[in-house]
Amino acid sequence: MELRQIHQFLALAETLNFREAAERLHMSQPPLSVSIRKLEEDIGVALFERTTRQVTLTEAGEALLPELRKALLHVQQAKRYALEAGAGERGKLTLGSVGSATLALIPRLIPEFRQRYPGIALELREQPSSGVLELVENGQVDVGLVRFPLPQATTLEVIPLVWEPMILVVPQDSALALSGRRRVHLSEVADQPLIDYPHTEGLHYVLLQLCQAAGFVPKLTHSTTQVLAAISLVACGLGVALVPALHARNSTEPVCFLELESPQQERTVALALAFNPENESRVVRQFRDLAVELLAGPD
């Protein structure tokens, strides 16, 4: 059954007059009669009773009428969905994200994206930066929010969105916390265990660089991929930690966050957007453009 036959059947079923139906369809009456007869032959049952005075629906025609109305609505809806998808207004966006982005970026990005593109469904997968990069590279997610600098080389394009310094986390009852100071030298904790991050994560190398700039080799311990877990380990008295500054605004752990007076920092770490420029859909491009518009500062 072709789409034109559905239109022809509905026109005749609603007018019960070949001439009126043909006029509605902007065609002559004989081809309409031939097409309806062909439709009945294809289905294998008469759909209309024809006399010299009137045309009426048979029981089969009455049964077919509501089904073809629904079928036409589905076709029209499918066409609209296809046009919206082509315009980037409908579809699905799968987003890979580090945990930190759920604190700083997701609450700012997603509500605005949903408001602008309500027809796009969102799926969020949380992973460490190395895991997010792998998902984007393999095409398992469309775009990623990761920690920058990256832990590894990648063919993806990466756009830093929000820069921040690293800060020191110490137990609430430690001497540094009780001193009342807000800024300290990193070298003041050179003799204390420092919570580490895996070699597969960029924060591990940032930590080493800061310690080197402060003039000491850190006593690394208790590696974790999650910044929140590092803060919890400090709360448990297992060492001190270096974390991105945004976590000071969101933590409820019994710890103290201290700014670093030295070494000096400039654009130490960032939350960044990673995507594959060779396989960028219109939906991904719209998300990227929105992220840059809302979050990326001047160079």
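## Annotated region and model

In UniProt, an unreviewed entry lists residues 1-58 as "domain: HTH lysR-type"; UniProt positions follow the numbering used here, feature names are shortened, and annotations may be inferred rather than shown by experiment. The span 1-58 is 60% helix and 10% strand, and its end C-alpha atoms lie 19 Å apart. Helices (H or I, at least four residues) and strands (E, at least two) are DSSP runs, numbered from the N terminus.

The model is predicted: local features need pLDDT of at least 70 and side-chain atom pairs count only at pLDDT 80 or more, whereas totals for chains, interfaces and linings use all residues. Residues are numbered from 1 along each chain as its sequence is written, and side-chain values use heavy atoms, with hydrogens and water left out.

## Domains

The protein chain is assigned domain 1 (3-80), domain 2 (88-163 + 270-295) and domain 3 (166-265); these bounds come from an automatic or database domain assignment. Taken over C-alpha atoms, the centres of domain 1 and domain 2 are 49 Å apart.

## Packing of H1 and H3

Helix H1 (residues 3-15) packs against helix H3 (residues 29-43) at about 105°, with the axes 10 Å apart. Axes are lines fitted to C-alpha atoms, for helices over the stretch in contact, and angles run from 0 to 180 degrees between N-to-C directions. H1 is therefore roughly perpendicular to H3; angles under 35 degrees count as roughly parallel, over 145 as roughly antiparallel, 65 to 115 as roughly perpendicular and the rest as oblique.

From H1, Arg4, Gln5, Gln8, Phe9 and Leu12 meet Leu32, Ser35, Ile36, Lys38, Leu39 and Asp42 of H3, where contact means heavy atoms within 4.5 Å. This contact of H1 with H3 has five nonpolar, three polar and three charged residues (Ala, Val, Leu, Ile, Met, Phe, Trp, Tyr, Cys and Pro count as nonpolar, Asp, Glu, Lys and Arg as charged, and the others, Gly among them, as polar).

## Packing of H6 and H11

Helix H6 (residues 106-116) and helix H11 (residues 282-295) pack at about 125°, their axes being 10 Å apart. H6 is therefore oblique to H11. Among the residues making the contact are Leu109 and Phe113 of H6 and Phe287 and Leu290 of H11. By class, the contact of H6 with H11 holds nine nonpolar, one polar and four charged residues.

## Backbone features

Most residues other than glycine have a negative phi, and most peptide bonds are trans. Leu16, although not a glycine, has a positive phi of about 50°; Leu16 is in the loop between H1 and helix H2 (18-24).

Phe148 and Pro149 are joined by a cis peptide bond with omega of about 10°, and Pro149 is in the loop between strand S5 (143-148) and strand S6 (157-164). A cis peptide bond also joins Ser262 and Pro263, with omega of about 0°; Pro263 is in the loop between strand S12 (255-262) and strand S13 (269-275).
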